[in-house]
Amino acid sequence: MATSAPALPERDVESTIERVPPYKVVLLDDPVTTMEFVVNVLTHVFHKDAETAARLTWEVHTTGASHVATLPLEQAELKQARVHDAAKTAGFPFRCVIEPV
């Protein structure tokens, strides 16, 4: 004789999933870092196309900062570390910050 497993109570799956809060990655302007370097960072670290990278670079240059990505915290921290490592290697003081959305 086969026995059936007891029925599990229905749960609202949506209510048990915690959403990962997004964070903004913001590039900051400085008087030393070249625009060419910033375009390079945007294309290689953030995978932006050349036109978008040029537009965001100009925004950094003219306004002092540019929001270039919205990511979960761990991914944002990884991008920030890659930017800072690339800047240090190239001899630039270039920086970016992470901000909660």
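F94 is buried, at a relative accessible area of 1%; buried means under 20%, exposed over 50%, and partly exposed in between (1.4 Å probe, protein chains only). Keep in mind that this is a predicted model, where local features need pLDDT of at least 70, side-chain atom pairs count only at pLDDT 80 or more, and totals for chains, interfaces and linings use all residues. Residues are numbered from 1 along each chain as its sequence is written, and side-chain values use heavy atoms, leaving out hydrogens and water.

Q: How many aromatic pairs does the structure hold?
A: Rings of Phe, Tyr and Trp (its six-membered ring) pair if their centres lie within 6.5 Å; planes under 30 degrees apart count as stacked, over 60 as edge-to-face and the rest as tilted. By that rule, the number of aromatic pairs is two.

Q: Which kind of pair do F37 and F92 make?
A: Their ring centres are 5.1 Å apart. The planes sit at 50°, so the pair is tilted.

Q: Is F37 buried or exposed?
A: F37 has a relative accessible area of 9%. The cut-off for buried is under 20%, so F37 counts as buried.

Q: What is the angle between the planes of F37 and F94?
A: These two rings form an edge-to-face pair, 6.0 Å centre to centre. Their planes are at 85°.

Q: Which residue lies over the face of F46?
A: A charge sits over a ring if NZ of Lys or CZ of Arg is within 6 Å of the ring centre and within 35 degrees of the ring normal. At 5.9 Å from the ring centre, the residue over F46 is K79.
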